[in-house]
Amino acid sequence: MSAAVEIVPYRPEFREAFGNLNFEWLEKFFYIEDYDREVLTNPEKYILDPGGYIFMALVDGHPAGTVALIKRDEGDFELSKMGVNEKYQGKRIGQKLMYHSIAFAGEQNWHRVFLDSNRKLTPAITLYHKVGFKEIEIEGGSPYERCNIRMEILI
C-alpha cells in the first residue's frame, strides 16, 4: 500500500529540500546553471517575494517533490523548478504537482502558465502534453541554456 501524497504550500523549513530536489535532477540530466543556483538557494527572493508560489509534495511528511510558479507578468506565470526525488518517481507525484498547479492558477484567475524545458526529458514533455500544454515559440529567450522547447496552457 502506497502512502498518500499531500501537496502543501512552501514553508521556510522546506528551503533545503526545495533546492536539493532540483539540484538532484539537474545534475542527473544537465548541469546546474548560475541562474538555477541563484533561484534555488534563495527561493524567497526570486520566487515568493515577487509574487510567485512554491508547492511541496509530501509523503509521510517528507518532501518528495516540488514545483514553483514564478510570476513573469500580471496573470502570466512560469511553471518551473519541478522535481521529484528518485525514490518516489513512478508514483505520479509530478502529475499531482502539475494538476495542483493548474487548478491553483485557475483559482487565481491567471491568464496562462508557461514552461521552458528540454526535449530530452521525454517523460516530462509527455506529461505536459497530457495535461494540456501546447508547444509555442520561444520568444524573448529563456533564462535557461538547456531550454529548447517552450509550452503554455491558457487558463
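Biologist: Which residue takes a positive phi just after α5, and how should I read such a value?

Modeller: Just after α5, G132 takes a positive phi of about 115°; helices (H or I, at least four residues) and strands (E, at least two) are DSSP runs, numbered from the N terminus. Residues are numbered from 1 along each chain as its sequence is written. This is a predicted model in which local features need pLDDT of at least 70 and side-chain atom pairs count only at pLDDT 80 or more, while totals for chains, interfaces and linings use all residues, and side-chain values use heavy atoms, with hydrogens and water left out. As a general idea, most residues other than glycine have a negative phi. Another glycine, G75, has a positive phi near 75° in the hairpin of β3 and β4, where 2 residues lie between the strands.

Biologist: Where do K81 and N109 lie, and is each of them buried or exposed?

Modeller: Buried means under 20% relative accessible area and exposed over 50%, with partly exposed in between (1.4 Å probe, protein chains only). K81, in strand β4 (residues 76-84), has a phi near 55°, although K81 is not a glycine, and at 6% relative accessibility K81 counts as buried. N109, whose phi is near 60°, sits in the loop between α4 (93-107) and β5 (112-117) and is exposed, with a relative accessible area of 67%.

Biologist: Which residues of α5 are buried, and what do they pack against?

Modeller: An α-helix has 3.6 residues a turn, so residues three or four places apart point the same way. In α5 (residues 122-130) the buried residues are I125, L127 and Y128, and they lie on the same side of α5 because they cover an arc of only 160° around the axis, the arc being that of the directions from the helix axis to the C-beta atoms. Their packing partners are β4, α4, β5 and β7 (149-154), where contact means heavy atoms within 4.5 Å. The face turned away from this buried side carries the exposed residues P123 and K130.

Biologist: In what order do the strands of the sheet stand, and which strands are at its edges?

Modeller: Strands of a sheet pair through backbone hydrogen bonds, either parallel or antiparallel; here two strands count as paired if DSSP finds at least two bridges between them. The open sheet has 7 strands in the order β1-β2-β3-β4-β5-β7-β6, with mixed pairing. β1 (5-9) and β6 (134-136) stand at the edges, each with a single partner strand, so one side of each is left without a neighbour in the sheet.

Biologist: How many residues of β4 are buried, and in which sense does β4 pair with β3 and with β5?

Modeller: β4 is mostly covered, with 9 of its 9 residues buried. β3 and β4 pair in the antiparallel sense over 7 bridges, and I70 stands opposite E78 in β4. With β5, the strand β4 pairs in the parallel sense over 3 bridges, and E78 stands opposite F114 in β5. The chain crosses from β4 through α4 to β5 in a right-handed β-α-β crossover, a term used if, with the strands pointing away from the viewer, the path from the first strand over the helix to the second runs clockwise.

Biologist: Which residues is E33 in contact with, leaving aside its neighbours within four places in sequence?

Modeller: E33 lies in the loop between α1 (15-29) and α2 (34-41) and is buried, with a relative accessible area of 5%. With those neighbours left aside, E33 is in contact with P143, Y144, E145 and R146.
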